[in-house]
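Q: I have a new structure open and I'd like a quick tour. Can you take me through it?

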Amino acid sequence: MRVLHFYKTYKPDTMGGVEQLIGEICSGSAARGVPSDVLTVSRNTSTVDLGDHMHYRAKLDFKLASSSFSVSSLGRLKELAANADIIHYHFPWPFMDMAHFITRLNKPTVVTYHSDIVKQKTLLHFYRPLMMCFLGSVTKIVATSPQYAKTSPVLQRFADKVEVIPIGLNEQAYPRASDAKLAEWRERVGPKFLLFTGMLRYYKGLHILLDALAGSEIDVVILGGGPLEAELKSQAQALALKKVHFVGALPDEDKFALLTLCHGLVFPSQLRSEAFGISLLEGAMYGKPMISCEIGTGTSYVNVGGETGLVVPPENPTALREAIDQIWNDEARASRLGAAARKRFSSLFTADKMADAYVDLYHRIAAR
């Protein structure tokens, strides 16, 4: 059996949450006797050998409303699909829906449904008929959490073909930071701090976090870059937040060091664009208490309020500040929540469990 993944981008061109997920599925499947290939579109059309799977790239022609378009990918998709038993799509990507129908692939198909379309509401009005036809035509749809499957109006329409497979992380990909690196960060940000890690985007709720920290003496490290970085720094300056440390995007060892040292993870995403929250998984893997918002997505599947951390209403600086103060001031409770987060990670969110579930799904739909 062989699987072909089709998505708009992949490493080394970009390295976001979806790309990380595809890589873990490919590597985990290969270790279980199911090899995979990945096809994307890119300015660079060379093929990349990633060891246990190949990344093929068709020429990117143009982008429209964040969706990539590539005429040559249609032929490439048909060519690579001829050697595959299953096509694995990653939603959303409107061009992918078109390619599915244009190429008329007669193969079992899986769609990992990463997120509803939240921001492009006007374009969604025109895209919706194609989207619904596409999702109606595929064999299986995978939601990444029970919460998202229950709260997505789109997934509710296809409940009979939806399965839940949570995202998993490979702990071996997070080696221990060196003693020198740990000492460097202790010196730089102090012995106790809360950590945010992720892209600085509109749905991450960081403006709400900064408002919540007004007048606070709590150290918070914001790890990551993105389109809102300058705006957030200006807000922090206006609020005189001297204990908020913007450290930008950093190499992995620095990230691992900060995850090791932090007192807890704060993740204030306030919109459904945050479909899961891999940063929360990382916090759980490191045994940290977590603070997140209830937005009806996978964030509250990873972080169970009162069990692995605290969950507060979105866009509520007062509630967020109260949760921060609780985690900061109650060492015993923070330790209990962190231990429970680690236990939940081990039982539900490892890369091995995710790979087992996908390989089982591949075999079931291929057999049909």
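A: Let's start with the record. UniProt places the feature "domain: Glycosyltransferase subfamily 4-like N-terminal" (unreviewed entry) at residues 15–170. UniProt positions are given here in the numbering used for this chain, feature names are shortened, and annotations may be inferred rather than shown by experiment.

Q: What kind of model is this, and how are residues numbered?

A: This is a predicted model: local features need pLDDT of at least 70, side-chain atom pairs count only at pLDDT 80 or more, and totals for chains, interfaces and linings use all residues. Residues are numbered from 1 along each chain as its sequence is written, and side-chain values use heavy atoms, with hydrogens and water left out.

Q: How much helix and strand is there over residues 15–170?

A: The chain there is 40% helix and 26% strand. The end C-alpha atoms of that stretch are 15 Å apart. Helices (H or I, at least four residues) and strands (E, at least two) are DSSP runs, numbered from the N terminus.

Q: What does UniProt say about residues 183–344?

A: The annotation there is "domain: Glycosyl transferase family", again from an unreviewed entry. Over residues 183–344 the chain is 45% helix and 15% strand. The end C-alpha atoms are 29 Å apart.

Q: OK, sheets. What order do the strands take in the open sheet of 8?

A: The order is β3-β4-β2-β1-β7-β8-β9-β10, with mixed pairing. β3 (48–49) and β10 stand at the edges with a single partner strand each, so one side of each has no neighbour in the sheet. Two strands count as paired if DSSP finds at least two bridges between them.

Q: And what holds strands together in general?

A: Strands of a sheet pair through backbone hydrogen bonds, either parallel or antiparallel.

Q: Parallel or antiparallel for β1 and β7?

A: Parallel, over 4 bridges. V3 stands opposite I86 in β7. β1 also pairs with β2 (residues 36–42) in the parallel sense, over 4 bridges. There, V3 stands opposite S36.

Q: What about β7 and β8?

A: They pair in the parallel sense over 5 bridges. Y89 stands opposite V111 in β8.

Q: Is β7 buried or exposed?

A: β7 is mostly covered, with 6 of its 6 residues buried. Buried means under 20% relative accessible area, exposed over 50%, and partly exposed in between (1.4 Å probe, protein chains only). Both faces are covered: I86, H88 and H90 on one side, I87, Y89 and F91 on the other.

Q: Let's pick H88. Which side chain does H88 make a polar contact with?

A: The side chain of T112, at 2.7 Å. A polar contact is a pair of N or O atoms within 3.5 Å; within protein, one must be able to donate a hydrogen and the other to accept it, and residues adjacent in sequence count only if both atoms are side-chain atoms. H88 has a relative accessible area of 0%, so it is buried. Leaving out residues up to four places away in sequence, H88 touches several residues, including I25, V110, Y358 and Y362. Touching, or contact, means heavy atoms within 4.5 Å.

Q: Where is Y358?

A: Y358 is in helix α15. It counts as buried because its relative accessibility is 0%. Not counting residues up to four places away in sequence, Y358 touches I25, H88, T112, V142 and I165.

Q: Which residues of α15 are buried?

A: They are A351, M354, A355, Y358, V359, L361, Y362 and I365. They cover an arc of only 160° around the axis, which puts them on the same side of α15. That arc is taken from the directions from the helix axis to the C-beta atoms. On the other side, D352 and A367 are exposed.

Q: What do the buried residues of α15 pack against?

A: They pack against β1 (3–6), α1 (17–31), β7 (86–91), β8 (109–113), β9 (140–143) and β10 (162–164).

Q: New topic. Which peptide bonds are cis?

A: The bond from K11 to P12 is cis, with omega near 10°. P12 lies in the loop between β1 and α1. The bond from F91 to P92 is also cis, with omega near 10°. P92 is in the loop between β7 and α3 (94–103).

Q: Last one: what is the phi of E315?

A: E315 has a positive phi of about 55°, although it is not a glycine. E315 sits in the loop between β16 (309–312) and α13 (317–329). At 53% relative accessibility, E315 counts as exposed.
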